[in-house]
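Subject: Structure handover

Dear colleague,

Here is the structure I said I would pass on. Please look through the sequence and the model first; my notes follow.

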Amino acid sequence: MKKEFFFILFITLAVQRLVIGQIAQPKASEEWDPRLTEVWEPAPRMVTPGAGTAAPSDATVLFDGKNTAEWTHQDGTPVKWEVKDGAMTVVKGTGGIFTKKTFGDCQLHIEWRAPADDMDEGQNRGNSGIFLQNRYEVQVLDSHGGTTYSNGQAGAIYKQSMPLVNACRPAGEWQTYDIIYTAPKFNADGMKVVPGFITVLHNGVLIQHHTEIKGTTEYRGLPKNIAHGKGPIQLQDHGEKVSYRNIWIREL
Ligand code: MG
């Protein structure tokens, strides 16, 4: 009986020592079986990319060049902008247009063109804008010609962050914005606890790199931070004939 007891004790201690020894002395990484660090589940779902800048299979198309059904003016009336030749163009005085759906975090592709015949200067040279959650403007402007303040030129988070570089094409040419946006987060008391961030590629060139959004876009005064949920995307009527086409979004 005593013999058996000591035998079991010996085995137990030996096993413990073996296990602890293995934990205490991990193998050098070159001795690891490479399969130990492979992750198989879950597998990312399949998305079929679009040809060129066309919408991928899981995107919501907001404007296909013909149909403005996803948009409305602020008073809920149908879009009065001109739809022609696969593009929609601001009609001065009709007001901005808003997506009927609301969005938060997203990837947005949008193409725009400043009018070639707009010889005005500064902020009146092909000005429009893309307002995320109807609050935060990515500036649209002919910044290839004309001069204006740096934090108000094309690709600026208007009056907050100038673009890293000026990647603007001449007026009359189509340009792309690819925007990755994470919305600010607010707590139950309405305080901003996580700022919004934005990344923008202009014609494929990085111009905003995970830029912190300081608050609402304001023409006068400082940005504001009032709690909000999802919001529509607004395209601005600044009175100039800026055109848009091929707009699609992926909610993140
Ligand atoms: Mg603008």
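What percentage of the 252 residues of the protein chain count as buried? The figure is 41%. Please keep in mind throughout that this is a predicted model.

Overall form

Along the principal axes, the C-alpha atoms fill a box of roughly 100 × 40 × 35 Å. The accessible surface comes to about 14,800 Å², and carbon and sulfur atoms account for 58% of that. Among contacts between residues at least 6 apart in sequence, 64% join residues at least 24 apart.

The sheet

Five strands make up an open sheet, with antiparallel pairing, in the order E2-E5-E14-E7-E8. Strand E2 (71-73) and strand E8 (136-140) are the edge strands, each pairing on one side only. Inside the sheet, strand E7 (residues 128-132) pairs with strand E14 (residues 234-235) in the antiparallel sense over two bridges. Ile130 has Leu235 in E14 as its bridge partner.

The metal site

A magnesium ion is coordinated by Asn127 (OD1), Ser128 (O), Glu137 (OE), Gln139 (OE1) and Gln236 (OE1), at 2.2 to 2.3 Å. The spacing of these donor residues in sequence is N-S-x8-E-x1-Q-x96-Q. Asn127 sits in the loop between strand E6 (106-113) and E7, while Gln139 belongs to strand E8, so this pair ties together parts that are twelve residues apart in sequence.

The nonpolar core

In soluble globular proteins, nonpolar side chains tend to be buried together. In this model, the largest nonpolar core has 38 residues. Those with the most contacts inside this core are Trp71, Tyr177, Leu235, Tyr244 and Ile247. Elements that give two or more residues to the core include strand E1 (60-63), strand E9 (175-182), strand E12 (196-202) and strand E15 (243-251). The largest share, four residues, comes from E6.

Which residues does Trp71 touch, leaving aside its neighbours within four places in sequence? The contacts of Trp71 include Leu62, Phe63, Val79, Met88, Ile97 and Phe98. Ile233, Leu235 and Ile247 are also among them.

Backbone details to check

Most residues other than glycine have a negative phi, and most peptide bonds are trans.

- The peptide bond from Glu41 to Pro42 is cis, with omega near 0 degrees. Pro42 is in the loop between helix H1 (2-24) and E1.
- Asp85, a residue other than glycine, has a positive phi near 50 degrees. Asp85 lies in the loop between strand E3 (82-84) and strand E4 (87-89), and with a relative accessible area of 74% this residue is exposed.
- His210 is not a glycine either, yet its phi is positive, at about 50 degrees. His210 is placed in strand E13 and is partly exposed, with a relative accessible area of 49%.

Regards

Definitions and conventions
Residues numbered from 1 in each chain as written. Predicted model: local features only at pLDDT ≥ 70, side-chain atom pairs only at ≥ 80, totals over all residues. Heavy atoms only, no water. Pairing = 2+ DSSP bridges. Donors = N, O, S within 2.8 Å, 3.2 Å for Na, K, Ca; no water. Buried < 20%, exposed > 50% of the residue type's maximum accessible area, 1.4 Å probe, protein only. Contact = heavy atoms within 4.5 Å. Areas by Shrake-Rupley, 256 points an atom, 1.4 Å probe, with all protein chains shown as cover. Core = buried A, V, L, I, M, F, W, Y, C linked by side-chain atoms within 4.5 Å.
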